[in-house]
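Open your viewer and get ready to click along. We will go from stop to stop, selecting a few residues each time.

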Amino acid sequence: MPVKPKISFENLEVAFASKSDAELRKMYLIFATLNNNLISELGIGLANLAFKLRFPVKGIMKKTMFGHFCGGETISESIEASRKLAEYGVHSILDLSVEGKGDEKSFNQTTDEIFQTIIESSKTNFMPFGVFKTTGLGDFHIMEKIQSGKTLSDQEKEAFERVKIRVNRLCKAAHDLGLKILVDAEDSWYQNTIDDLAYEMMEKYNRERCVVYNTYQMYRHDSLERLKKAHQVAVEKGYHFGVKPVRGAYMEKERERAEEMGYPDPIQPNKEATDRDYDAAIEYSLRNGIALVCATHNEKSCLKLTEWMDECDIHPKSDLVYFSQLYGMSDNISFNLAKAGYNVVKYLPYGPVEKVMPYLTRRAAENTSIAGQSSREFELVRREIKRRKEGKNSR
């Protein structure tokens, strides 16, 4: 049996090996800001206002929030950021994080841009995945209508056929170029439509290997059962099944809609239930030979997965398992797992600064709402600055 690599998410020298002293100080300021809800909300609000009023704040954003959480404004800038990560064994996923206008022109432009990320990723050996949000490729109102069982007009049917064509174009490109592709999870009231598209693509392209992965938000109390049922269908139909469990991103929105419209709340009763189902999903996937992207900033879940891999005699570099975190967050997890020889990918968001503001707003909210996330990041950076200072003083 292979010897299990030693991992400590407290190894700060490894976690911040790619950061200069100046970059660390900048991180310190960013997470100190995010650690304060009032200052964080005020700063993001002022930045959004400045862009609306066309004030020249782009340079400031590129050197602060944008520069920390995004790979760049273009594919080529982002590839440079991923090349730097690759020096430390951390791979990347180029993630277009621009919210389109929601018309046919923007759907085609988004598809073309993501197609280009797949082309460029295939030219490297450190960008193994493509990714897309289905609502970037088509009108979510039509997806919602399909899920609710309503009849589509002829115009809507044609529009949805174009969505299928766009989804197929991206999945086929990933298949033909030897990449994998992730289908992001979205709102529950049209998620079934997205699931069905993902399964259709799996049945088509996951015959020889796992190309297409579907995402499951484990803060939904039905997600574990949905994942298991979809796996059984994949077994029956004879194709590889790929999953990316996440804890989830739209909880408040989901609860509010359920209350407003008077249907049962789809969200777990508490965080403990989410954590339980998340870990159950990654364990079920691992023990059933399902291709897995473990997308989490939770240290316990990552450690559990390494232990289960060891129990199942699955090599850290097995193509069956990837760990994933967001760029600019949880480097102590990403870099230490990579150093120990595991497959690690960072989601690398990119796009024009002013158009990525909605993404940055969500990151700021996430860092302040996730229990202790920004405090944890801030504390790790503070300790690393102190460690380096003490190291210099002892010479």
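**A tour of salt bridges and strands**

The structure holds 33 salt bridges (a salt bridge is a side-chain nitrogen of Lys or Arg within 4 Å of a carboxyl oxygen of Asp or Glu). This is a predicted model, where local features need pLDDT of at least 70, side-chain atom pairs count only at pLDDT 80 or more, and totals for chains, interfaces and linings use all residues. Residues are numbered from 1 along each chain as its sequence is written, and side-chain values use heavy atoms, with hydrogens and water left out.

Select Arg-255 and Asp-265 to begin. Their salt bridge brings the closest N and O atoms to 2.8 Å apart. Arg-255 sits in helix 12 (residues 251–261) and Asp-265 in the loop between helix 12 and helix 13 (271–287), so the pair ties together parts 10 residues apart in sequence. Helices here are DSSP runs of H or I with at least four residues, strands are runs of E with at least two, and both are numbered from the N terminus.

Next, pick Asp-331 and Lys-346, whose closest N and O atoms are 2.9 Å apart in a salt bridge. Asp-331 belongs to helix 15 (residues 331–339) and Lys-346 to strand 8 (residues 344–350), so this pair links parts 15 residues apart in sequence. Are these two residues buried or exposed? Both Asp-331 and Lys-346 are buried (buried means under 20% relative accessible area, exposed over 50%, partly exposed in between, with a 1.4 Å probe and protein chains only).

Finally, show strand 2 (residues 129–132): Phe-129 and Val-131 point one way, Gly-130 and Phe-132 the other, and all are buried.
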